[in-house]
Amino acid sequence: MNIQHERISSYAARLNLTEIDILLPRLAEEAAAKELSYSDFLESVLAEEAGAADKRMRETMLRFAKFPYLKTLDEFDFSAKPSIDSRQIKELCSLSFIKERINVILLGPPGVGKTHLGISLGVKAAEAGYRVYFTSATDMLTRLKKGYGLGRLDEYMRVYLRSSLLIIDEMGYLPLERDEANLLFQVIAKRYERGSIILTSNKSYASWGEVVAGDNILAGAILDRLLHHSVTINIKGESYRLREKRKAGIIEQKEVNS
Ligand code: ADP
Ligand code: MG
């Protein structure tokens, strides 16, 4: 490495420019061969750096989000779910719901793609630079109960409040005890008009009283804040997993018809 290249490397390291070091010889050669102007050359170097910085940011945001796995909307087969309005989902992809702090509630029986859609929207948001956090309802409430028990609820609560988008998956699979229902209320009330929630549930709103510690008043208070600025997507139809098995002839038609 010549002395000037060494100096450039050291400036690049100070400025956290990770690409110049590796790319400089190639970019300089290309610039000479194409007789690029100085500003064209500078632009090509900065474009590489900016591209690399964007990629690092996306990877960091995806790591923070703690998705259990990654799914995209491209992998979602809208023809299998005629009850979903694909335009509505595409509109959500513009992510304006996050700017407007609107909640998205995905309802439907098991296997219809609620988690898939929730993760896909979350991935889009994380890639656009929003702070996203994914959790199952059970994990969140278990952690918050622990924080409460330790007298450190505020600290444990922080992770659920600081993201622009909180995804709470599988609300309603297990009925909540009273202290859990109170903690859920706190998360929803504290995020109200401050940050979006995507919530998935297999229970219709009418049966939330049963889910929330048999307490219709608390269920009402939760739903009031959750639904005030919200979009509900009701997904109907059979489980996608069963549909795939049926198509493959692994199970019989009549088993999945309801
Ligand atoms: P839910 O959360 O509603 O129980 P999931 O989102 O976990 O359902 O979906 C179950 C599986 O089926 C996942 O692997 C998901 O990717 C897939 N899946 C569901 N619906 C669709 C669909 N319309 N197109 C493609 N894959 C789907
Ligand atoms: Mg799910």
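Analyst: Start with two helices. The axes of helix H8 (residues 153-161) and H9 come within 11 Å and cross at roughly 55°. That makes H8 oblique to H9. This is a predicted model: local features need pLDDT of at least 70, side-chain atom pairs count only at pLDDT 80 or more, and totals for chains, interfaces and linings use all residues. Residues are numbered from 1 along each chain as its sequence is written, chains are lettered from A and ligands numbered from 1 in the order in which they are written, and side-chain values use heavy atoms, with hydrogens and water left out.

User: Why is H8 called oblique to H9?

Analyst: Angles under 35 degrees count as roughly parallel, over 145 as roughly antiparallel, 65 to 115 as roughly perpendicular and the rest as oblique. The H8 and H9 axes cross at roughly 55°, so H8 is oblique to H9. Axes are lines fitted to C-alpha atoms, for helices over the stretch in contact, and angles run from 0 to 180 degrees between N-to-C directions. Helices are DSSP runs (H or I, at least four residues), numbered from the N terminus; strands are E runs of at least two.

User: What is the hand of the crossing of H8 and H9?

Analyst: Right-handed. A crossing is left-handed if the near helix is turned anticlockwise from the far one by less than a right angle, and right-handed if clockwise.

User: What makes H9 roughly parallel to H11?

Analyst: H9 and H11 pack at about 20°, with axes 9 Å apart. That angle makes H9 roughly parallel to H11. Their crossing is left-handed.

User: How do you know what counts as a cavity?

Analyst: On a 1 Å grid over the protein atoms alone, a cavity is a set of points where a 1.4 Å probe fits but cannot get out; a pocket is an open set with protein on both sides within 12 Å along at least five of seven lines. Lining residues have an atom within 4 Å of a point. The whole structure has one cavity of 30 Å³ or more. About 60 Å³ of space lies in the largest cavity. Its lining includes Arg101, Tyr192 and His229. Helices H9 (178-191) and H11 (216-228) each give two or more residues to that lining.

User: Which residues lie closest to the centre of the largest pocket?

Analyst: Tyr69, Gly111, Gly113, His116 and Arg241, of 24 lining residues. About 520 Å³ of space lies in this pocket.

Key:
Grid points are joined across faces, edges and corners, and a volume is the space filled by probe spheres set on the points.
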